[in-house]
Amino acid sequence: MALTKKGEFWYGTTSGDTQAELRSYSVANRHEAVRFAASKCECGCRTFALQTDEEAGVAIRTCTDCGQDHLMGDSADHVEEAVPEAHECVCENEVFELMSGVSVHEGTHDVRWYYIGCHCVECNLVGVFADWPCEAGDAAAFLAKV
């Protein structure tokens with residue numbers, strides 16, 4: 001399915017739809033995401049509850065199957081100063097498939113900005129639920145931890 005707008009929100013059914021919305025959002029933010037990675041738990045599950053603290057630069061995903069918490073990206077470096085808050089969809093669901101994206105400094109592979117795109121498994125809403133500037137070094141290493 002392609003992205004469809006209903007009212008003020010976008011909806012889609014695939015990770016490609018989430019990535020497209022993430023890219024569009026990042027372009028409007030003037031730090032275009034150029035590298036992406038979908039979240040997957042060690043148990044194989046791809047759905048999570050999400051908590052973030054954008055000021056501290058922290059994201060925590062909790063697997064809906066095994067309940068394991070995962071600090072995303074470089075969140076372990078900032079978690080002590082964070083006060084993460086749970087995300088909820090407009091339909092009140094709290095379970096998402098997650099897609100991370102990063103922009104990089106020109107001419108490098110170093111992360112400049114971090115975006116977290118969510119796809120609601122209940123109503124199919126897609127959107128960027130969190131983003132912040134991020135000086136996390138190599139984008140591949142960063143995205144391996146989302």
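I am working with a predicted model, where local features need pLDDT of at least 70, side-chain atom pairs count only at pLDDT 80 or more, and totals for chains, interfaces and linings use all residues. Residues are numbered from 1 along each chain as its sequence is written, and side-chain values use heavy atoms, with hydrogens and water left out.

**Aromatic pairs.** I looked up the pairs and found four in the structure. Rings of Phe, Tyr and Trp (its six-membered ring) pair if their centres lie within 6.5 Å; planes under 30 degrees apart are stacked, over 60 edge-to-face, the rest tilted.

**Phe96 and Phe129.** I found this pair edge-to-face, with 5.1 Å centre to centre and 75 degrees between the planes. It links distant parts of the chain, 33 residues apart: Phe96 is in strand 8 (residues 96-104) and Phe129 in strand 10 (residues 125-133). Strands are DSSP runs (E, at least two residues), numbered from the N terminus. I then checked burial (buried means under 20% relative accessible area, exposed over 50%, partly exposed in between; 1.4 Å probe, protein chains only). Phe96 has 0% relative accessibility, so it counts as buried. Phe129 is at 18%, so it counts as buried too.

**Tyr114 and Trp132.** I read 5.3 Å between the ring centres and 80 degrees between the planes, so this pair is edge-to-face. Tyr114 sits in strand 9 (residues 111-120) and Trp132 in strand 10, 18 residues apart. Both Tyr114 and Trp132 are buried. With Phe142 they form one aromatic cluster.

**Lys6 and Tyr11.** I noted Lys6 over the face of Tyr11, 4.9 Å from the ring centre. The cut-offs here are NZ of Lys or CZ of Arg within 6 Å of the ring centre and within 35 degrees of the ring normal.

Terms used:
Helix = DSSP H or I, 4+ residues; strand = E, 2+ residues; numbered from the N terminus.
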